[in-house]
Amino acid sequence: MLPLSDGVPARRFPIANVSLIVANFAVWIFYELPHLNSSVFHASFYPCTVNASCHGPESWGVSWITAMFLHGSWDHILGNMLFLAVFGKNVEDAFGSLRYLAFYFAGGFVAMMTQTAMTLLFGTAADSRVPNLGASGAIAAVLGAFFVLYPDAKVLGLIVIFPVRISAWFFLGFWFLYQLFEANFGLFGSRANGGGVAFFAHVGGFIFGLVVTRALIGFGRLAPQTSRGSLAALQ
């Protein structure tokens, strides 16, 4: 299903989320499109740089950040930015802009390291030299946070051309189970990159977002939200 709205009005303009979307499109249009192959080569993340079995154009300590702003096609960036636009604004609403940015980058790092660990442990030497890129790991962390924060939200989306409205809990839960299934399929198929898609990054990012958000709620630093965007009573 293609999500169009999460049904939750934001209480303030999502400056951080909009800035991330603008930055991703700016990198795609002005940096990648003119020389796509060379841009991907120079700014992607290579798992083999972590265990020093290869030397990438940039160190892994830099490339995990630059890779988060790269995409491989129009479909790739449009799909990622749609999910970020729909769900990110309300997670920023709950976190606050600065904490949301820190959470986004931390989620991207954990997602990238999850994918890297599975690639180095179970993939081949060739797999570890495949460039990793995209914002989907960080966005998965945002989805995990939304799953916890807005349990009663309703997602409006399209199945082919037919509009449907389902609970965010079901939509995101099914999305996660699909990523988990595909990740394990890739592992059991002896390809830790899931056949070209970094499913382990999605799984790691989502779990990070879910766990961190639940911990912040438990420590009283966040509160669950209602579908109207207001605070729900803590139990």
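Q: At 71% relative accessibility, does Val 160 count as buried or exposed?
A: Burial is read from relative accessible area: buried means under 20%, exposed over 50%, and partly exposed in between, with a 1.4 Å probe and protein chains only. In this predicted model, Val 160 counts as exposed, because its relative accessibility is 71%. The model is predicted, so local features need pLDDT of at least 70 and side-chain atom pairs count only at pLDDT 80 or more, while totals for chains, interfaces and linings use all residues. Residues are numbered from 1 along each chain as its sequence is written, and side-chain values use heavy atoms, with hydrogens and water left out.

Q: In which order do the strands of the open sheet stand?
A: Strands of a sheet pair through backbone hydrogen bonds, either parallel or antiparallel. Here the open sheet has 3 strands in the order β1-β2-β3, with antiparallel pairing; two strands pair if DSSP finds at least two bridges between them. β1 joins β2 (residues 154-159) over 3 bridges, with Leu 156 as the bridge partner of Ser 5. β2 and β3 share 6 bridges, and Gly 157 stands opposite Val 164 in β3.

Q: What covers the strands, and how many residues of β3 are buried?
A: Helix α4 (residues 74-95) lies across β1 and β2, at about 40° to β1. Axes are lines fitted to C-alpha atoms, for helices over the stretch in contact, and angles run from 0 to 180 degrees between N-to-C directions. β3 is hardly covered, with 0 buried residues among its 6.

Q: Which residues have the most contacts inside the largest nonpolar core?
A: A nonpolar core is a set of buried Ala, Val, Leu, Ile, Met, Phe, Trp, Tyr and Cys residues joined through side-chain atoms within 4.5 Å. The largest one has 54 residues, and those with the most contacts inside it include Leu 84, Phe 87 and Tyr 104. Its largest share, 11 residues, comes from α6. Contact means heavy atoms within 4.5 Å. Leaving aside residues up to four places away in sequence, Tyr 104 touches Leu 84, Ala 135 and Val 142, among others. With the same exclusion, Ile 21 touches Met 81, Leu 84 and Ala 85. Ile 21 lies in helix α1 (residues 15-32) and is buried, at 16% relative accessible area.

Q: At what angle do α1 and α2 pack?
A: Angles under 35 degrees count as roughly parallel, over 145 as roughly antiparallel, 65 to 115 as roughly perpendicular and the rest as oblique. α1 and helix α2 (residues 36-43) pack at about 120°, with axes 9 Å apart; they are therefore oblique to each other. Trp 28, Tyr 31 and Glu 32 in α1 meet residues of α2 including Leu 36 and Val 40.

Terms used: Helix = DSSP H or I, 4+ residues; strand = E, 2+ residues; numbered from the N terminus.
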